[in-house]
Amino acid sequence: MENILILGSTGSIGCNALQVIKLHKEKYKVFALTANKNVDLLTEQCLEFEPRYAVALNDDANQKLKKNLFLSNSKTIVLESVESLDWLASHIDTSTVISAIVGAAGLKPTMAAANSGKKILLANKETLVMAGELFVKAINHSKSTLIPIDSEHNAILQVLPQNKKLNYKSNGVRKILLTASGGPFRTYSKEQLLKVTPKEALRHPNWVMGKKITIDSATMMNKGLEIIEAFWLFDIPASDIEVIIHPQSIIHSLVEYIDGSTLAQLGNPDMRTPIAYALSHPERIESGVSGLDLIKTKKLDFEAPDLNKFPCLGLAYRALGMGHNAPTILNAANEVAVESFLDRRLSFLGMTGVIEQTLSEVASTAADNLDQILQADTLARSVARRCIGRSLQ
Ligand code: NAD
Ligand code: MG
């Protein structure tokens with residue numbers, strides 16, 4: 001029986017993970033659930049899955065969760081404070097951590113899991129973007145297992161030779177190809193992009209996801225973050241990571257080998273598939289997702305990404321090339337830009353400008369420990385906010 005902690009259980013990934021776990025109650029026990037504010041959903045999840053612990057970070061939500069669970073005679077213990085996430089991630093009875101908090105808030109508890117030798121199923125790509133080197137070192141040092149949930153990286157894991165280290169060099173890999181849907185504005189001109197609203201940007205053609213990653217998909221920063229994620233996960237140089245637009249989101253990514261073979265993983269765009277594979281790797285279990293109907297799909301299209309229209313991709317390669325904590329700076333500026341866009345304080349194209357300016361203004365320095373990384377994150381956020389303030393004047 002695996003004891004599972006879900007960090008961010010009320011989000012899109014968290015809910016999908018619980019759906020898969022529900023199909024395999026004999027194998028997986030929900031040990032703890034954490035969320036920020038969505039107390040109604042968290043209460044429902046606690047009553048259904050009966051975890052030993054639950055956390056709602058927001059104070060009001062926490063009070064309400066305690067009251068709801070008390071009134072329902074639940075045995076779940078409600079913890080509070082952000083430190084309880086680290087405590088749960090390193091708890092002796094936690095065997096597996098599903099890291100599904102959105103953004104930089106996921107970094108500390110995911111690092112705590114890595115330092116404690118846990119099996120980590122990683123959706124929070126921001127952990128690898130912000131602290132890739134440190135995180136991978138911690139994983140290796142504590143002998144943790146790291147399995148990506150992100151559909152592209154999960155696809156790559158599926159088509160790499162199994163039972164080997166996630167290292168491309170020894171596996172005869174020439175390059176990896178990350179597929180991208182291109183988001184809702186793939187066919188827009190630059191002029192049309194000038195006017196797009198948050199409502200339009202939140203309408204992803206193929207996936208239903210949290211707001212932040214949906215905006216990242218519209219700017220293609222999501223693919224940029226995924227390049228950095230792949231770099232650390234598979235120990236592959238940036239020059240061997242290619243992005244290809246595939247609007248149907250049926251092929252989730254590909255690996256090209258030195259003999260000219262290209263292997264791909266295909267499936268309906270449904271995160272329960274990569275979540276199920278991450279949970280059971282290297283075995284396979286039911287996910288609740290139906291198989292592909294290729295006759296209905298008819299065709300699969302591909303095109304090269306337009307770096308001029310979607311400069312965030314180039315910015316991610318640039319940050320990766322700069323090294324040190326440049327990816328931390330990129331990530332922080334992006335989070336601030338996305339928040340401001342959603343609050344209608346920044347235009348769609350303005351997001352790129354803020355990220356670019358922040359990356360140029362904040363010096364990239366060492367990223368040897370968590371404090372340095374969190375300091376860079378704070379500094380980059382304040383610079384990004386200043387850029388936005390200037391653009392509003
Ligand atoms: P979401 O917004 O739907 O859910 C986020 C979860 O994190 C919620 O449970 C929320 O309560 C919690 N949370 C938010 N802010 C928090 C904070 N400050 N502290 C603690 N908890 C907080 O997001 P999502 O779409 O599920 O994405 C989660 C992560 O998975 C992201 O890193 C995203 O990039 C990655 N991911 C998501 C998908 C997807 O299909 N949704 C696919 C690949 C990767
Ligand atoms: Mg992805």
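Predicted model: local features only at pLDDT ≥ 70, side-chain atom pairs only at ≥ 80, totals over all residues.

Reader: Which residues coordinate the magnesium ion (ligand 2)?

Author: Asp150 (OD), Glu152 (OE) and Glu226 (OE) coordinate the magnesium ion, at 2.1 to 2.2 Å. The spacing of these donor residues in sequence is D-x1-E-x73-E.

Reader: Where do Glu152 and Glu226 lie?

Author: Glu152 is in helix H7 (residues 151–159) and Glu226 is in helix H11 (residues 221–234), so the pair ties together parts that are 74 residues apart in sequence.

Reader: Are those two glutamates, Glu152 and Glu226, buried or exposed?

Author: Both Glu152 and Glu226 are buried.

Reader: Switching to ligand 1. Which residues come nearest?

Author: Thr10, Ser12, Asn36, Glu126 and Gly210, out of the 22 residues around ligand 1. By class, the shell has eleven nonpolar, eight polar and three charged residues.

Reader: Which helices supply at least two residues of that shell each?

Author: Helix H1 (12–22) and helix H6 (125–142).

Reader: What about backbone atoms and the oxygen atoms of ligand 1?

Author: Ser12 has a backbone N or O atom 2.9 Å from an oxygen atom of ligand 1. For Ile13, a backbone N or O atom lies 3.0 Å from an oxygen atom of the ligand. A polar backbone atom of Asn36 is 2.9 Å from an oxygen atom of ligand 1.

Reader: And how much of the accessible area of ligand 1 does the protein cover?

Author: The protein covers 85% of the 820 Å² that ligand 1 has on its own.

Reader: Back to H11. What span should its 14 residues have?

Author: At 1.5 Å a residue, H11 should span 20 Å, and its end C-alpha atoms are 20 Å apart, which agrees.

Reader: How many of the 14 residues of H11 are buried?

Author: Twelve, so the helix is mostly covered; buried means under 20% relative accessible area. Among them are Lys223, Glu226 and Glu229, along with Leu225, Ile227 and Phe234.

Reader: What follows H11?

Author: Asp235 follows H11, and its phi is positive, near 55°.

Reader: Last one, Thr94. Where is its place?

Author: Thr94 is in the loop between helix H4 (83–89) and strand E5 (96–99).

Reader: Is Thr94 buried or exposed?

Author: Thr94 has a relative accessible area of 3%, and buried means under 20%, so Thr94 is buried. Its C-alpha atom is separated by 19 Å from that of Ser81, 13 residues apart along the chain.

Methods:
Residues numbered from 1 in each chain as written. Chains lettered and ligands numbered in written order. Heavy atoms only, no water. Donors = N, O, S within 2.8 Å, 3.2 Å for Na, K, Ca; no water. Helix = DSSP H or I, 4+ residues; strand = E, 2+ residues; numbered from the N terminus. Buried < 20%, exposed > 50% of the residue type's maximum accessible area, 1.4 Å probe, protein only. Near = heavy atom within 4 Å. Polar contact = N/O pair within 3.5 Å; in protein donor to acceptor, adjacent residues only side chain to side chain. Areas by Shrake-Rupley, 256 points an atom, 1.4 Å probe, with all protein chains shown as cover. Nonpolar A, V, L, I, M, F, W, Y, C, P; charged D, E, K, R; others polar. Expected span 1.5 Å × (residues − 1).
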